[in-house]
Amino acid sequence: MQKRPTERQASIVETVRADGFRTIEDLADRFQVTAQTIRRDVNALCEEGLLRRRHGGVEPALEHENIAYRARKVLHVNEKRKIAAQVARHIPDGASLFFSIGTTPELVASALLQHRSLRIFTNNLNVAYVAATNDSFDVTLIGGRLRNRDRDVLGPEVEAFFNSYKVDYGIFGVGGIDPDGSLLDFDEHEVRARSAILANSRQNYLVADHTKFGRNAVVRGGNISQVTAFFTNTAPPDAMSAMIHKSGVELHVPEPDAEFPTFYVPEDH
């Protein structure tokens, strides 16, 4: 797709992921549109790698690699906004921060736009774009080869970049969190960059929504017990919660009826 998925398309993805399989007719009834409209949506989502065709309908795509950034931006966006708003409450004006790649770190950057005089270091072009809209922020973006699909920079130079500084807070996401607490991603360079953030931040904030619990990603790097705090939108599974509590990691989950201020999110870029 040339554009990121529509809200209906994002809802189709979430419906299919929850059920495992849905027929075209089921989806047409669910969203009160014609089967032809659903087929167009499904075709676009399959081209994006979000879904996979199966006889008579559609099923979730195999997750051997992460889905495109512009597609991830609309998935579970309300949950990610709640996470971002929680994080913003813990960051003081004048702080220095690392930001990793990912859609949730980008939303954290948006939630921080009411702050003043933050110093931000990142390999995430989207975060840099958002942060630059606040004139009081000092933004440092690593140079290097850009991954067009994800709008970020990865490689040895990124690890050296993060190793060159010591900051107050590291903000990062993950591809998945294994039941044993292992932090997982889809690329070795993503893991190495995250490891450099962990090593050079006084406090490390993991930001990940509930879909990352038990999600399969093949590259392991670090453990949830190593972070200062974990910000998510719903309580993790019992075994993971016990591990988090035992290791002394702060767990931040909003109350079901908690209200959060809305914040400005720049248009897609």
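**Entry: ground rules.** I am working with a predicted model, in which local features need pLDDT of at least 70 and side-chain atom pairs count only at pLDDT 80 or more, while totals for chains, interfaces and linings use all residues. Residues are numbered from 1 along each chain as its sequence is written, and side-chain values use heavy atoms, with hydrogens and water left out.

**Entry: the chain as a whole.** I noted that 53% of the 269 residues of the chain count as buried, a word that means under 20% relative accessible area, whereas exposed means over 50% and partly exposed lies in between (1.4 Å probe, protein chains only). I then turned to contacts, which means heavy atoms within 4.5 Å. Among contacts between residues at least 6 apart in sequence, 61% join residues at least 24 apart.

**Entry: helix H1 and its partners.** At what angle do H1 and H2 pack? I found about 125 degrees between helix H1 (residues 7-19) and helix H2 (residues 24-31), with their axes 12 Å apart. Here axes are lines fitted to C-alpha atoms, for helices over the stretch in contact, and angles run from 0 to 180 degrees between N-to-C directions. H1 is therefore oblique to H2, because angles under 35 degrees count as roughly parallel, over 145 as roughly antiparallel, 65 to 115 as roughly perpendicular and the rest as oblique. On the H1 side the contact is made by Arg8, Ser11, Ile12, Thr15 and Val16, and on the H2 side by Leu27, Arg30 and Phe31. Sorted by class, the contact of H1 with H2 has four nonpolar, two polar and two charged residues; Ala, Val, Leu, Ile, Met, Phe, Trp, Tyr, Cys and Pro count as nonpolar, Asp, Glu, Lys and Arg as charged, and the others, Gly among them, as polar.

I next followed H1 to helix H3 (residues 35-48), where the packing angle is about 75 degrees and the axes are 10 Å apart. That angle makes H1 roughly perpendicular to H3. H1 brings Arg8, Gln9, Ile12 and Val13 to this contact, and H3 brings Thr37, Ile38, Asp41, Ala44 and Leu45. By class, I have five nonpolar, two polar and two charged residues for the contact of H1 with H3.

Entry: Most residues other than glycine have a negative phi. Gln32 lies in the loop between H2 and H3, and Gln32 is exposed, with a relative accessible area of 70%. Ser117 also has a positive phi, near 60 degrees. Ser117 sits in the loop between H6 and strand E5 (119-122) and counts as partly exposed at 43% relative accessibility.

**Entry: two serines in strands.** Is Ser201 buried or exposed? Ser201, found in strand E12 (residues 201-207), is buried, with a relative accessible area of 6%. I saw that the side chain of Ser201 reaches the backbone nitrogen of Gly170 at 3.5 Å. Not counting residues up to four places away in sequence, Ser201 touches Phe98, Lys166, Val167, Tyr169 and Gly170.

Ser182 is found in strand E11 (residues 182-185) and counts as buried at 6% relative accessibility. Its side chain makes a polar contact with the side chain of Asp180 at 2.8 Å; a polar contact is a pair of N or O atoms within 3.5 Å, and within protein one must be able to donate a hydrogen and the other to accept it, while residues adjacent in sequence count only if both atoms are side-chain atoms. With residues up to four places away in sequence left out, Ser182 touches Gly176, Ile177, Arg220, Gly222 and Asn223.

**Entry: two loop residues.** I placed Gly102 in the loop between strand E4 (96-99) and helix H6 (103-111), and Gly102 counts as buried at 12% relative accessibility. Gly102 and Val174 are 72 residues apart in sequence and 7.9 Å apart in space, C-alpha to C-alpha.

Thr234 is in the loop between strand E14 (229-231) and helix H10 (238-247), and at 34% relative accessibility Thr234 counts as partly exposed. Leaving aside neighbours within four places in sequence, Thr234 is in contact with His210, Phe213 and Val253.

Note on methods
Helices (H or I, at least four residues) and strands (E, at least two) are DSSP runs, numbered from the N terminus.
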